[in-house]
Amino acid sequence: MVTVRRYPAALLALATAAIALFTAGCSHVPTTDSDEAAVITPEQMAQAGIKLDEADIGTSGPAQIEAAIEALDAQTRGDRPLVSSLNGGAAGDDTVDLLDRIRAGFDLEDVDHAWVDQEVNWFANHPDYLDRTLKRGERYLFHIVNELEARRMPLELALLPVVESAFNPVAYSRARASGLWQFIPGTGRRYGLKQNWYYDGRRDVLAATSAALDYLEFLSLEFEGDWMLAVAAYNCGEMAVARAVARNRAAGLPTDFFSLKLPKETRAYVPKLLAMRRIVADPAAHGLAFASIPNEPYFTKVDLAGQVDLHVAAEIAELSQDEMLALNPAFNHWVTDPDGPHYLLVPVDREARVVAGLTALPAESRVRVVYHRVRAGESLGSIADKYDVSVATLRTTNKLRGSMIHPGQDLLIAAAPRGVGDLKMASANDYLAPTKSSRSSSGKHTVRSGDTLWSIARTHGISMDRLANSNGMKANTTLSVGQVLKIPGVATLASSNPDSAAQTTYVVKSGDTLSRIAKQFRVSMADLLGWNSLKSSHVLKPGQRLVMYTADRRRAGI
């Protein structure tokens with residue numbers, strides 16, 4: 001049953017007085033009264049009920065992050081579904097999991113209303129949408145649930161990013177709302193989310209989650225614990241909800257959410273959350289089966305103590321660039337903000353490797369991207385000549401349509417493969433792909449000045465852990481100049497040089513990914529991409545042919 005709440009005149013007067021400060025919420029709806037003329041009907045809901053999938057809300061952010069999310073989505077299509085139709089007989093199991101923990105923390109009322117029924121039917125009829133969304137959400141849900149429990153907030157709010165962003169960290173709305181929690185720029189700044197050329201805190205998983213819960217707590221207090229009004233205000237702004245309450249109150253009408261005249265999107269927004277609550281509470285009742293989501297952290301926070309190139313961090317972690325970007329989507333240009341925040345999120349099982357690798361990494365090797373600040377009188381041509389890159393590469397790397405630049409503008413040159421001091425780069429491909437391995441033929445490496453376990457492992461195309469274990473040392477061991485290290489596995493399974501190996505053509509099957517194919521044929525991802533002129537974000541299609549050069553077909557798993 002929906003109760004009727006009346007709000008003190010002092011609260012409404014205070015809200016009206018604060019209108020200049022608080023004019024919009026986090027999400028997609030500009031706060032105006034023009035859309036509040038009539039209560040929406042179920043038929044209108046059907047027309048407005050398009051879910052906020054990535055295709056509907058759009059994406060906006062650095063192109064490499066958008067490509068990374070698309071690539072990860074493609075990689076999981078062949079995995080076991082998290083959500084499926086019961087008729088399909090796939091997903092469900094009896095494991096106690098994170099979804100059970102969320103269900104136990106439900107605190108909102110399951111409202112019997114046609115608007116909610118409309119949304120339930122949509123979700124129930126689109127299990128693929130829910131599956132895609134929750135596969136993304138697996139990375140972030142445990143952290144969100146922990147934060148909600150610590151604040152004793154309803155765990156239904158952990159499902160709010162399903163409605164807001166489909167758990168897409170680069171989701172972007174027409175109102176310029178960005179990230180998992182869809183903050184518009186002004187509300188983001190109001191809640192301490194830094195936004196500059198290097199970094200957009202609205203896409204920071206930790207910072208944006210904290211800010212979103214701060215805002216929701218504030219809204220709950222504003223509306224005396226009525227979470228439906230708080231969630232509505234999160235979407236369209238507290239002033240829009242306060243005005244709607246004041247109008248109904250003055251007319252002697254109920255002031256619950258379903259009785260208010262609010263913007264069209266907001267009238268669909270709260271029912272979407274309540275629909276997700278109902279479906280997660282009892283999937284089988286709606287013809288769905290949910291697989292378990294592990295009730296354990298997916299990522300951990302690693303303190304950096306300074307600026308770091310995300311390429312370097314991904315290589316140390318032995319993590320794909322796509323996964324690194326999905327966990328750290330706030331960084332706009334492959335490098336952390338020199339003024340902070342100085343942390344990265346990495347999968348839990350990579351924490352020790354990253355900490356040891358960064359500790360052993362020389363300061364001059366932490367950042368290999370190169371930026372140039374434009375001075376008066378400079379042109380794209382003169383800057384391209386200075387760094388020995390083409391004007392076309394500069395345009396592509398910086399998303400420039402023409403040749404107009406201005407003093408003070410920062411241009412990304414590319415990543416210097418061997419450190420910041422090396423500025424000779426042929427193309428932006430050096431920025432996108434890791435350095436190819438050059439294994440030792442003798443199986444030994446003599447340590448030179450500046451060498452670290454990480455740099456030696458990278459040079460020889462092996463993991464830092466494997467190198468350390470083969471030499472009976474720890475990953476943070478300090479090396480001595482002249483020390484001789486054993487390089488394990490020097491017999492190559494594949495060759496970067498096509499002239500020294502046999503060509504193999506592989507036909508892509510459904511569910512294949514670049515990483516799986518590289519692993520199957522025991523070749524490096526860099527080689528596989530280079531041989532086929534592909535980027536790491538490339539989405540494979542069944543029937544596509546890939547060329548590989550393997551030194552021994554049997555050892556390459558062919």
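Where is the place of R176? Select R176: its place is in the loop between α9 and α10. Helices here are DSSP runs of H or I with at least four residues, strands are runs of E with at least two, and both are numbered from the N terminus.

Before moving on, note that this is a predicted model, where local features need pLDDT of at least 70, side-chain atom pairs count only at pLDDT 80 or more, and totals for chains, interfaces and linings use all residues. Residues are numbered from 1 along each chain as its sequence is written, and side-chain values use heavy atoms, with hydrogens and water left out.

**Stop 1**

Most residues other than glycine have a negative phi. R176 counts as partly exposed because its relative accessibility is 47%. Buried means under 20% relative accessible area, exposed means over 50%, and partly exposed lies in between (1.4 Å probe, protein chains only).

Now select A166. This residue sits in the loop between α9 (160-164) and α10 (185-190). A166 also has a positive phi, about 55°, although it is not a glycine. Is A166 buried or exposed? A166 has 0% relative accessibility, so it counts as buried.

**Stop 2: a cis peptide bond**

Select G340 and P341. A cis peptide bond joins them, with omega about 10°. Most peptide bonds are trans. P341 lies in the loop between α16 (321-327) and β4 (343-347).

**Stop 3: the cavity**

Searching the whole structure finds one cavity of 30 Å³ or more. A cavity is a set of points on a 1 Å grid over the protein atoms alone where a 1.4 Å probe fits but cannot get out. Volume is the space filled by probe spheres set on the points, which are joined across faces, edges and corners. The largest cavity holds about 50 Å³ of space. Select its lining, which includes R203, D204, F331 and Y343. Lining residues have an atom within 4 Å of a point.

**Stop 4**

Show α12 (residues 227-236) and α14 (residues 264-281). They pack at an angle of about 130°, with their axes 9 Å apart. That makes α12 oblique to α14. Angles under 35 degrees count as roughly parallel, over 145 as roughly antiparallel, 65 to 115 as roughly perpendicular, and the rest as oblique.

**Stop 5: D100 and A281**

Finish at D100, in helix α5 (residues 98-104). D100 counts as partly exposed, at 30% relative accessibility. Its C-alpha atom is separated by 8.6 Å from that of A281, 181 residues apart along the chain.

Technical notes: On a 1 Å grid over the protein atoms alone, a cavity is a set of points where a 1.4 Å probe fits but cannot get out, and a pocket is an open set with protein on both sides within 12 Å along at least five of seven lines; lining residues have an atom within 4 Å of a point. Axes are lines fitted to C-alpha atoms, for helices over the stretch in contact, and angles run from 0 to 180 degrees between N-to-C directions.
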